Amino acid sequence: MLVTPYLTFNGNCLEAMTFYKKCLGGTLTFQTVGSSPLAAKMPARMKKAILHATLVKDNVTLMASDMVSDKGLTKGNAVSIMLDCNSEAEIRKLYKKLSQEGKATQPLENTFFGALLGGLTDKYSNNWLLHFNATK
């Protein structure tokens with residue numbers, strides 16, 4: 001079994017996923033509503049909306065969509081995307097990139113359990129935890 005974060009946006013999915021690609025690297029694929037079999041059933045304003053996007057970098061996969069339920073989009077603090085980094089240089093680089101125009105909620109710091117750990121909320125209101133096990 002594999003757990004994959006699936007993010008929901010409200011019209012800015014492509015912008016956000018392109019930002020994440022710039023931060024993380026990898027391959028980004030997406031399908032718009034207008035290029036899908038749903039196109040005929042959806043209002044014209046939805047044609048450019050992202051039906052499904054996938055960003056893959058090594059063993060990290062992020063999926064996303066602009067398809068919001070009728071209740072609307074509510075961002076909360078119940079979930080964070082955890083990145084287990086391979087080096088101190090990588091964690092510092094990713095923390096700096098992902099926090100651009102966002103908010104550093106927990107600066108990178110060495111923990112009592114031997115890891116470098118930090119948290120942030122990015123400019124799209126998604127929460128991230130970055131971790132590097134310095135004792136490996």
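Author: Buried means under 20% relative accessible area, exposed over 50% and partly exposed in between, with a 1.4 Å probe and protein chains only. By that cut-off, 35% of the 136 residues of the protein count as buried. The model is predicted: local features need pLDDT of at least 70, side-chain atom pairs count only at pLDDT 80 or more, and totals for chains, interfaces and linings use all residues. Residues are numbered from 1 along each chain as its sequence is written, and side-chain values use heavy atoms, with hydrogens and water left out.

Reader: What makes a set of residues a nonpolar core?

Author: The members are buried Ala, Val, Leu, Ile, Met, Phe, Trp, Tyr and Cys residues joined through side-chain atoms within 4.5 Å. The largest such core has 29 residues, and Met-17, Tyr-20, Leu-98, Trp-128 and Leu-130 are those with the most contacts inside it. α1 gives the most to this core, with seven residues.

Reader: Why are α1 and α2 called roughly antiparallel?

Author: Their axes come within 9 Å and cross at roughly 155°. Axes are lines fitted to C-alpha atoms, for helices over the stretch in contact, and angles run from 0 to 180 degrees between N-to-C directions. Angles over 145 degrees count as roughly antiparallel, under 35 as roughly parallel, 65 to 115 as roughly perpendicular and the rest as oblique. α1 and α2 are therefore roughly antiparallel.

Reader: Which residues of α1 and α2 meet?

Author: Contact means heavy atoms within 4.5 Å. Phe-19, Tyr-20, Lys-22, Cys-23 and Leu-24 in α1 meet Leu-94, Lys-97 and Leu-98 in α2.

Definitions and conventions: Helix = DSSP H or I, 4+ residues; strand = E, 2+ residues; numbered from the N terminus.
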